[in-house]
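Here is a friendly walk through a two-chain model, written to be read with the structure open beside you. Take your time and turn the view as you go.

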Amino acid sequence: MTGVQQISGPAVALDRRDVDTDQIIPASWLKLVGRTGFASGLFSAWRADPEFVLNRAGADQAKILLAGANFGCGSSREHAVWALQDFGFQAVVAPSFADIFRTNSISAGLVPAQVSEDGSARLFAALAADPGAEVVVDVAARTVGIPAAGIRESFDLADFAQWRLIEGLDDIALTLRHEASIETFEASRSPLLPAVPQG
Amino acid sequence: MTARLFDKVWDRHVVASPEGEPALLYIDLHLVHEVTSPQAFEGLELAGRKVRRPDLTLATMDHDVPTIGLDKPIADPLAAEQIKRLKENCAKFGVTLHALGSIEQGIVHVIGPQLGLTQPGMTVVCGDSHTSTHGAFGALAFGIGTTEVEHVLATQTLRQVKPNAMAVTVEGELPAECTAKDLVLGIIRALGVGGGAGSVIEYRGEAIRSLSMEGRMTVCNMSIEGGARAGMIAPDEVTFAYLEGRKHSPRGTEWERALDDWRSLATDSGAEFDKEIHVDAASLRPTVTWGTNPAQSVSIDDVVPQPSANVTPAAQRSAEQALTYMNLTPGTAIRDISVDAVSIETCTNGRIEDLRAAAAVVRGRKVHAGVRALVVPGSARVKAEAEAEGLDRQFTDAGFEWRSAGCSMCLGMNGDILSPGERSASTSNRNFEGRQGPGGRTHLVSPAVAAATAVAGHFTTPGDL
């Protein structure tokens with residue numbers, strides 16, 4: 001995974017709340033066994049509508065998705081994140097995210113930028129006025145801005161998540177620094193706990 | 001100092017809490033299935049890592065397995081490849097697999113409890129959001145993404161920021177005809193589809209205590225539909241009676257020691273929660289969803305609500321979008337809505353009690369002309385048990401299809417789908433747009449209402465028949 005400091009480019013505004021992962025990537029796409037090849041599945045049901053935001057001119061160049069509250073609710077499929085990345089998105093900006101989606105985003109290097117409801121409304125309004133405007137997501141500063149409109153909103157992102165995104169770190173390697181603690185813990189686990197028979 | 005059930009389970013699993021980092025939490029049971037694991041196993045292989053604790057890992061096939069024609073090769077080449085990949089990965093990494101054809105195969109969240117592998121006080125994870133089901137035993141159980149699946153396979157731990165603890169207290173008695181499904185749909189309506197975000201819910205109160213273990217699993221299963229990280233219920237005599245004698249439950253003196261431990265898990269009196277909501281069980285009625293998220297539901301006696309009944313403009317717009325997709329007009333009586341399909345199934349409502357409740361309704365009756373109805377047991381064992389009780393004949397005599405175990409029509413990965421525009425009454429957990437097939441319209445209901453609706457051809461309760 002490569003690290004990400006700052007993302008700038010055009011954005012797509014998807015003005016809906018509670019966008020679930022079944023919309024982001026329908027279940028029929030989950031049969032693929034790799035992490036790529038999901039771009040055409042992204043929002044595929046909604047893309048059947050020629051007026052859908054992802055069908056507008058220039059949407060294929062977008063790097064940032066602006067969306068409503070509770071983005072990514074529903075299933076745990078990380079494929080939703082992979083599909084957004086495959087399409088070209090590097091950040092999603094929303095007033096809130098579903099828990100598993102947020103974790104999956106950080107795991108895969110997609111920036112989940114949680115802005116205030118008011119901040120989100122200002123960003124939507126600015127993009128409505130100038131749909132091609134450049135949007136800048138600064139991971140280090142934890143801000144998302146539209147320079148041409150003079151807007152800059154701060155976003156929430158936990159320190160550890162920020163560090164992982166910027167450094168592009170392998171989480172397993174980080175955890176294995178604590179291997180001695182894991183071994184100590186395992187030695188003290190209750191013998192009453194069940195185990196799956198092997199072989 | 002007082003502690004909550006959630007704190008007690010959390011605290012006993014913290015491996016390390018490094019300064020400035022989320023805690024490292026030990027995982028007691030990791031359930032694996034074919035859809036969210038291939039990329040994780042591939043990651044392990046590329047990095048030259050092993051599965052740290054195959055003895056705490058169990059795999060099965062459920063999401064895209066066929067539930068019909070098991071004697072033939074799997075027709076869908078992509079599903080066949082995914083299932084083959086799971087077999088190869090389990091063989092390569094030494095993970096026990098309950099494959100298609102095994103009596104222990106079934107939906108992950110049905111087989112864990114059934115085997116007695118899910119026990120109070122444990123941590124349970126799976127690459128599936130309905131892992132919250134296992135919280136019914138007083139376990140801390142939650143869904144994870146594929147990168148986390150790989151992390152658990154490699155380290156048997158997860159990095160977790162400690163969520164908030166929320167109490168959902170349900171006092172009173174559930175009215176006749178109301179089930180655990182109606183109760184949890186009522187809770188989600190009160191909570192909102194994102195209301196539980198960042199929280200682990202503890203379900204408490206008289207109405208929760210009165211539920212069977214299977215009913216408690218239905219409630220905890222849908223915690224994620226209110227946005228919660230997990231749902232938990234303190235273990236009690238109902239829990240212990242369910243667990244006693246199961247394949248992996250402790251025995252003899254170990255059983256007695258385990259009971260002492262499990263009894264210590266309940267939330268201490270006087271402990272406070274970060275947030276608390278109250279639901280009056282007596283106010284509930286059999287419930288039907290009308291929209292495209294599980295919080296959009298009403299009593300079966302009610303009508304499709306006006307979008308203007310919502311407080312915020314965003315919620316109004318969401319209701320309008322849902323009604324358009326569902327092709328429903330506000331003011332229509334729920335009982336006047338006809339269905340094309342009925343499915344009784346899933347990790348929410350595919351256990352033996354669910355099948356018994358539905359069979360009791362259809363016995364001696366016929367599925368309405370033009371309605372396609374199917375029953376998909378949650379596991380191969382549930383199927384065998386139902387057949388031993390003659391439930392399969394009651395369903396097939398009424399005109400239902402009787403299938404083998406799997407997730408089937410809940411998410412339609414195995415080809416069991418609605419056609420565009422078709423409407424279903426389903427005992428599943430998600431009424432999202434296209435969840436049961438592109439253009440399909442799903443209404444979530446209890447097994448009893450699903451069965452009665454199959455007979456009437458429109459939404460109805462067993463009492464109406």
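This is a predicted model: local features need pLDDT of at least 70, side-chain atom pairs count only at pLDDT 80 or more; totals for chains, interfaces and linings use all residues.

Residues are numbered from 1 along each chain as its sequence is written, while chains are lettered from A and ligands numbered from 1 in the order in which they are written. Helices (H or I, at least four residues) and strands (E, at least two) are DSSP runs, numbered from the N terminus.

**Chain A overall**

- Chain A holds 8 helices and 7 strands, and its C-alpha trace spans about 65 × 40 × 25 Å along the principal axes.
- Of its 199 residues, 46% count as buried; a residue is buried if 20 or more other C-beta atoms lie within 10 Å of its own, exposed if 12 or fewer, and partly exposed in between, with C-beta atoms placed from the backbone.
- Two residues are in contact if their C-beta atoms, placed from the backbone, lie within 7 Å.
- Among contacts in chain A with a separation of 6 or more, 69% join residues 24 or more positions apart.

**Where the chains meet**

- On the chain B side, 69 residues are in contact with 49 residues of chain A.
- Helix 5 of chain B (residues 146-155) gives the most to that side, with 7 residues.
- By class, the chain B side divides into 26 nonpolar, 27 polar and 16 charged residues; Ala, Val, Leu, Ile, Met, Phe, Trp, Tyr, Cys and Pro count as nonpolar, Asp, Glu, Lys and Arg as charged, and the others, Gly among them, as polar.
- Gln198(A) lies in the segment after helix 8 (179-187) of chain A and counts as exposed, with 9 C-beta neighbours inside 10 Å.
- Leaving aside residues up to four places away in sequence, Gln198(A) touches Pro54(B), Asp55(B), Gly94(B) and Thr96(B).

**The nonpolar core**

- The largest nonpolar core has 202 residues; such a core is a set of buried Ala, Val, Leu, Ile, Met, Phe, Trp, Tyr and Cys residues joined through C-beta atoms within 7 Å.
- Leu66(A), Leu84(A), Val92(A), Val93(A) and Leu183(B) have the most contacts inside this core.
- Beyond its neighbours within four places in sequence, Leu66(A) is in contact with Ala11(A), Val12(A), Ala13(A), Leu14(A), Val93(A), Leu123(A), Phe124(A) and Leu127(A).

- Among the buried residues of helix 4 of chain A are Asp99(A), Phe101(A) and Arg102(A).
- Just after helix 4 of chain A comes Gly109(A), with a positive phi of about 90°.
- Helix 16 of chain B (residues 447-456) is mostly covered, with 9 of its 10 residues buried.
- The cover over those buried residues includes strand 15 (341-344), helix 12 (346-349), helix 13, strand 16 (372-375) and strand 18 (423-426) of chain B.
- Gly457(B) follows helix 16 of chain B and has a positive phi, near 85°.

**A helix pair in chain B**

- How do helix 13 (residues 352-362) and helix 15 (residues 391-398) of chain B pack, and what is the angle? Their angle is about 45°, with the axes 9 Å apart; axes are lines fitted to C-alpha atoms, for helices over the stretch in contact, and angles run from 0 to 180 degrees between N-to-C directions.
- Helix 13 and helix 15 of chain B are therefore oblique to each other; angles under 35 degrees count as roughly parallel, over 145 as roughly antiparallel, 65 to 115 as roughly perpendicular and the rest as oblique.
- Leu355(B), Arg356(B), Ala359(B) and Val362(B) in helix 13 of chain B meet Leu391(B), Gln394(B), Phe395(B) and Ala398(B) in helix 15 of chain B.
- This contact has 6 nonpolar, 1 polar and 1 charged residues.

**Loop residues with positive phi**

- Most residues other than glycine have a negative phi.
- Phe43(A) has a positive phi, near 50°, and sits in the loop between helix 1 (21-24) and helix 2 (44-47) of chain A.
- Phe43(A) is buried, with 23 other C-beta atoms within 10 Å.
- Asn70(A) has a positive phi, near 60°, and is found in the loop between strand 2 (64-67) and helix 3 (79-87) of chain A.
- With 24 other C-beta atoms within 10 Å, Asn70(A) is buried.
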